[in-house]
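Here is a brisk report on a structure. Keep the sequence and the 3D view at hand while reading.

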Amino acid sequence: MELKIDLLPKRKRSNFTLIMGLISIAFPIIYYISSKLEDKEMSGSFLPMMVYLGLNGLNGIVGGLG
């Protein structure tokens with residue numbers, strides 16, 4: 001007789017978290033493209049925020065997919 005216990009509970013898919021992750025990924029991409037098209041210089045103070053939004057977006061996508 002075998003005893004199987006799943007120690008990792010299954011998480012439901014969260015559409016809200018997935019959408020927020022996609023939006024967080026889209027903001028840095030849109031900002032980068034718009035700054036390149038308008039030939040304006042990107043501010044160094046925006047770089048940490050864009051990296052944070054990108055990483056937070058990846059986390060939201062992975063978490064939203066369950």
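## Model and naming

Helices here are DSSP runs of at least four residues, numbered from the N terminus. By that naming, Asn59 sits in helix H2. The model is predicted.

## Helix H1

H1 covers residues 15–37, which is 23 residues. From first C-alpha to last, H1 reaches 32 Å. That is close to the 33 Å expected at 1.5 Å a residue.

Which residues of H1 are buried? They are Leu18, Gly21, Ser24, Pro28, Tyr31 and Ser35. Helix H2 is included in what covers them. An α-helix has 3.6 residues a turn, so residues three or four places apart point the same way. Just after H1, Asp39 takes a positive phi of about 55 degrees.

## Helix H2

Helix H2 runs over residues 46–65. H2 has 20 residues and reaches 28 Å between its first and last C-alpha. The span expected at 1.5 Å a residue is 28 Å, and the model comes close to it.

The buried residues of H2 are Met50, Leu53, Gly54, Gly57, Gly60, Gly63 and Gly64. They pack against H1. Just after H2, Gly66 has a positive phi of about 85 degrees.

## How the helices pack

At what angle do H1 and H2 pack? The angle is about 150 degrees, and the axes are 7 Å apart. An angle over 145 degrees counts as roughly antiparallel, so H1 is roughly antiparallel to H2. The crossing of the two helices is left-handed.

H1 brings Thr17, Leu18, Gly21, Leu22, Ser24, Ile25, Phe27, Pro28 and Tyr31 to the contact. H2 brings Phe46, Met50, Leu53, Gly54, Gly57, Leu58, Gly60, Ile61, Gly63, Gly64 and Leu65. By class, the contact of H1 with H2 has 12 nonpolar and eight polar residues. It has no charged residues. Gly counts as polar in this scheme.

Ser24 lies in H1. Its relative accessible area is 11%. Buried means under 20%, so Ser24 is buried. Which residues does Ser24 contact, leaving aside its neighbours within four places in sequence? They are Leu53, Gly54 and Gly57. Those three residues are among the buried ones of H2.

Pro28 is also a residue of H1. Its relative accessible area is 14%, and the cut-off for buried is under 20%, so Pro28 is buried. Neighbours within four places in sequence aside, Pro28 is in contact with Met50, Leu53 and Gly54. Leu53 and Gly54 are also on the list for Ser24. Pro28 and Gly63 are both in the helix contact.

Is Asn59 buried or exposed? Its relative accessible area is 55%. Exposed means over 50%, so Asn59 is exposed. Asn59 and Leu18 are 41 residues apart in sequence. In space they are 9.2 Å apart, C-alpha to C-alpha. Leu18 belongs to the buried residues of H1.

Asn15 is found in H1. Its relative accessibility is 48%. Asn15 and Ala26 are 11 residues apart in sequence and 16 Å apart in space, C-alpha to C-alpha.

Methods. Residues numbered from 1 in each chain as written. Predicted model: local features only at pLDDT ≥ 70, side-chain atom pairs only at ≥ 80, totals over all residues. Heavy atoms only, no water. Expected span 1.5 Å × (residues − 1). Buried < 20%, exposed > 50% of the residue type's maximum accessible area, 1.4 Å probe, protein only. Contact = heavy atoms within 4.5 Å. Axes fitted to C-alpha atoms, helices over the stretch in contact; angles between N-to-C directions. Parallel < 35°, antiparallel > 145°, perpendicular 65-115°, else oblique. Left-handed = near helix turned anticlockwise from the far one by under 90°.
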